[in-house]
Amino acid sequence: MIKLTNKKVQALKKLSSKSGIIAALAIDQRGALKKMFNSYQESHNENENITNFKSLVSTELTPYASSILLDPEYGLPAARVRDKNAGLLLAYEKTGYDSAKKGRLPDLLDNWSVKRLKNSGADAIKFLLYYDIDEEQSINDHKHAFIERLGAECAAEDIPFFLELVSYDATNIDSSSREYAKLKPYKVNEMMKEFSKENYSIDILKVEIPVNMLFVEGYSDDNDYVYTQKQAESHFKEQSMVTNLPFIFLSAGVSSNLFLETLLFAKKSGSTFNGVLCGRATWANSVEYFATDSENAARLWLQTEGKKNICQLNKILEKTASSWFDKLLD
């Protein structure tokens, strides 16, 4: 069993329910959120709109979340208006990656450090890493050293380190394709195995569902599925076996209903996941109201449909997620 410092234990408890389930709201999106706004209208007040929208989501939905994930570029005002019982994760990575360069290499926000994020009120640090287990060794070794340095920085500040892992294929196979669906379980589970090693000093993994549920028997639109239900179940079970760290699922932009169904399937499969950091599946539809109508229209959507989404998620988590206490506390 991994031993945590007392400060890390207390910080993780701030981010979790009383039973040790992480039911976190994610709205650290920057580039993706700008694209969502721009799909409805071109705005001359883009940065102000992003900041105000994050604050609106934080105000309306954190009363129902154990914590919220934000970015320091646009999200600090939202952090200040969150519910007093909600913990705070802050993102440390620059949004996106340079598509002109090979390897989707990671980079840190300019003018920020773990110390500065902590002083801004963060209970934990989150970093997003794109990773292909099959990429050339020089690129992956660069990423390994990068995460080692980041883990050491978090350890020095005695603050929990959440690593978000997003798989891809370096040969540019479309991650939503049937071809990639065949590769996904291997890529997701192998990178989890790699970053569960002690040298990275990671406390919590934020990871993808190990299969594409749209290609699972009974969940696909037709009979052209990639995995039978038994095969999909085995991939979920393997995911829990490849790591001794607590891990939480990201929603990856799927619909709220599909995400809920996925969590139920994960539990049925024997997954020991410890919660979620759920973003667009909870609040995405309010962007259109904010961009095309008004802040009040978006607020009303969040108070009704957004609240419904997150409360449904919480009920499912109570039935499906395992407590991280079992993995990290004696």
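Begin by selecting Leu165, which sits in strand β5. Keep in mind as you go that this is a predicted model. Is Leu165 buried or exposed? Its relative accessibility is 0%, so Leu165 counts as buried. Now show what surrounds this side chain. Setting aside residues within four places in sequence, the contacts of Leu165 are Leu129, Met191, Met192, Phe195, Leu205, Lys206, Val207, Glu208 and Leu250. For a sense of scale, draw a distance from Leu165 to Lys267: these two are 102 residues apart along the chain, and their C-alpha atoms are separated by 21 Å.

**Next stop: α7 and α8**

Colour helix α7 (residues 178-195) and helix α8 (residues 229-241). How do they lie against each other? Two packed helices are described by the angle between their axes and the distance between the axes. Here the angle is about 10 degrees and the axes are 9 Å apart, so α7 and α8 are roughly parallel to each other.

With 24% relative accessibility, Gln229 counts as partly exposed. Beyond its neighbours within four places in sequence, Gln229 is in contact with Val216, Glu217, Gly218, Tyr219, Phe265 and Lys268.

**A buried lysine**

Move to helix α6 (residues 137-157) and select Lys143. This lysine has 0% relative accessibility, so Lys143 counts as buried. Which backbone oxygen lies 2.7 Å from a polar atom of the Lys143 side chain? That oxygen belongs to Gly103. Not counting residues up to four places away in sequence, Lys143 touches Gly103, Arg104, Leu105, Pro106, Leu129, Tyr130, Tyr131, Glu135 and Tyr168.

Most residues other than glycine have a negative phi, and most peptide bonds are trans. Against that background, select Asp158, in the loop between α6 and β5 (161-167). Asp158 is not a glycine, but its phi is positive, about 55 degrees. Then jump to Ala252, in the loop between β7 (247-250) and α9 (256-269). Ala252 also has a positive phi of about 55 degrees without being a glycine. Ala252 counts as exposed because its relative accessibility is 54%.

**Last stop: one face of α2**

Finish at helix α2 (residues 31-38) and highlight its buried residues, Leu33, Met36 and Phe37. Turn the view to look down the axis of α2: these buried residues fall within an arc of 95 degrees, so they line one face of the helix. An α-helix has 3.6 residues a turn, so residues three or four places apart point the same way. What covers the buried residues of α2? Show α3 (46-61), α10 (280-283) and α11 (286-292), which are among the elements covering them.

Technical notes:
Residues numbered from 1 in each chain as written. Predicted model: local features only at pLDDT ≥ 70, side-chain atom pairs only at ≥ 80, totals over all residues. Heavy atoms only, no water. Buried < 20%, exposed > 50% of the residue type's maximum accessible area, 1.4 Å probe, protein only. Helix = DSSP H or I, 4+ residues; strand = E, 2+ residues; numbered from the N terminus. Arc of directions from axis to C-beta. Contact = heavy atoms within 4.5 Å. Axes fitted to C-alpha atoms, helices over the stretch in contact; angles between N-to-C directions. Parallel < 35°, antiparallel > 145°, perpendicular 65-115°, else oblique. Polar contact = N/O pair within 3.5 Å; in protein donor to acceptor, adjacent residues only side chain to side chain.
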